[in-house]
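Have a look at it first, then read on.

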Amino acid sequence: MNILWLQASGCGGCTMSLLCAEAPGVFDALEGAGLRFLWHPALSLETGEEVRALLRRIEAEEMPLDILCVEGAVARGPRGTGRFQMLAGMGIPMLEAVRRLAPLARHVVAVGTCAAYGGMTSAGGNPSDAVGLQYEGAHPGGALPAAFRARGGLKVINVAGCPTHPGWVIESLMMLAAGGLAEEALDRFGRPRFYADHLVHHGCPKNEYYEYKASARAPGEIGCMMEHMGCIGTQAVGDCNIRPWNGAGSCTSAGYACIACTAPEFEEPRHPYSETPKIGGIPVGLPSDMPKAWFMALASLSKAATPDRIRRNAVADRIEVPPNLKGLKR
């Protein structure tokens, strides 16, 4: 299967993330699955007329297009013309190119949250009128209509993340190559469920502190970041703490709050990312599936039962009190 990759309005960070894939690397993984790039603007050798000729062949249906990948949001401005971003050398807006090529592809993949929902590119006043391929924020319908289906029958596959995890991209492409990514394998926002059925909270190294509501209060402290530091890993989809980035890391393991970068409209939280909004001292955003009254009762009991070790370590920048193991018997 062949892949055409376009970079629209974005930072290119999803391509940089993809290149961090390891064991195996991205090229070995794709080659092993029978996938190859027809063209990628940062990774391919072809330029100029070679690329124009390739795109003409695809449009004429002389070259089959198995997978169209788009990275970055698509600019619709000014006034719906899309001319804020032109496809270099082709004389047409990226918006028009996407609308021409998407119906010819067997599958269409939005790589990253910008391509999926608009993401950071659409933040603020959004002067370029940037949108995702099939979503404008959380609302269906973007550069492509809400009813769009690729030739393979699927809507746009949204491999969301900012940047997206290299494993999510590679696994999605490999599943398409194997015919294993069906409609039921996508969640309600078009994200592959193999990672979207998990919460960032799953496997978080701060879970012991979360259980006792032993919270960090300042950057660098190792306690749970939900209560004061803006972390919403209990509400955000992703297996970031189950399959670590670059073999070892994640945002929360590095001491940075989860900002739900896989979600539509994460770019507009209406409060600083590093602060937890509260009403009456209670966080506004509570863990998924938990009624507020239950959370309040459990939090009160947990805080009362917090071991001194956890309470002291939570507000330190390293382990100050190790676990006491002297009671163990062989």
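A pocket here is an open set of points on a 1 Å grid over the protein atoms alone, with protein on both sides within 12 Å along at least five of seven lines, while a cavity is a set of points where a 1.4 Å probe fits but cannot get out; lining residues have an atom within 4 Å of a point. Keep in mind that this is a predicted model, where local features need pLDDT of at least 70, side-chain atom pairs count only at pLDDT 80 or more, and totals for chains, interfaces and linings use all residues. Residues are numbered from 1 along each chain as its sequence is written, and side-chain values use heavy atoms, with hydrogens and water left out.

**The largest pocket**

- The largest pocket holds about 620 Å³ of space, a volume being the space filled by probe spheres set on the points, which are joined across faces, edges and corners.
- Its lining has 29 residues, and Ile232, Gln235, Ala236, Ala260 and Ala263 are the ones nearest the centre.
- Sorted by class, the lining of the largest pocket has 18 nonpolar, six polar and five charged residues. (Ala, Val, Leu, Ile, Met, Phe, Trp, Tyr, Cys and Pro count as nonpolar, Asp, Glu, Lys and Arg as charged, and the others, Gly among them, as polar.)
- The largest pocket lies between domain 1 (2-197) and domain 2 (199-320), because both give residues to its lining; the domain bounds come from an automatic or database domain assignment.

**The cavities**

- Searching the whole structure turns up two cavities of 30 Å³ or more.
- The largest cavity has a volume of about 120 Å³, and among its 14 lining residues His201, Cys204, Cys224, Cys231 and Thr234 lie nearest the centre.
- The second largest cavity comes to about 40 Å³, with a lining of six nonpolar, no polar and two charged residues.

**Aromatic rings**

- There are seven aromatic pairs, counting rings of Phe, Tyr and Trp (its six-membered ring) with centres within 6.5 Å; planes under 30 degrees apart are stacked, over 60 edge-to-face and the rest tilted.
- Trp5 and Phe37 make an edge-to-face pair, 6.0 Å centre to centre with 75 degrees between the planes.
- Both Trp5 and Phe37 are buried (under 20% relative accessible area; exposed is over 50% and partly exposed in between, with a 1.4 Å probe and protein chains only).
- Trp168 and Trp245 are also edge-to-face, with ring centres 6.3 Å apart and planes at 70 degrees.
- Trp168, at 1% relative accessibility, is buried, whereas Trp245, at 21%, is partly exposed.
- Ring pairs join Trp168, Phe194, Tyr195 and Trp245 into a cluster.
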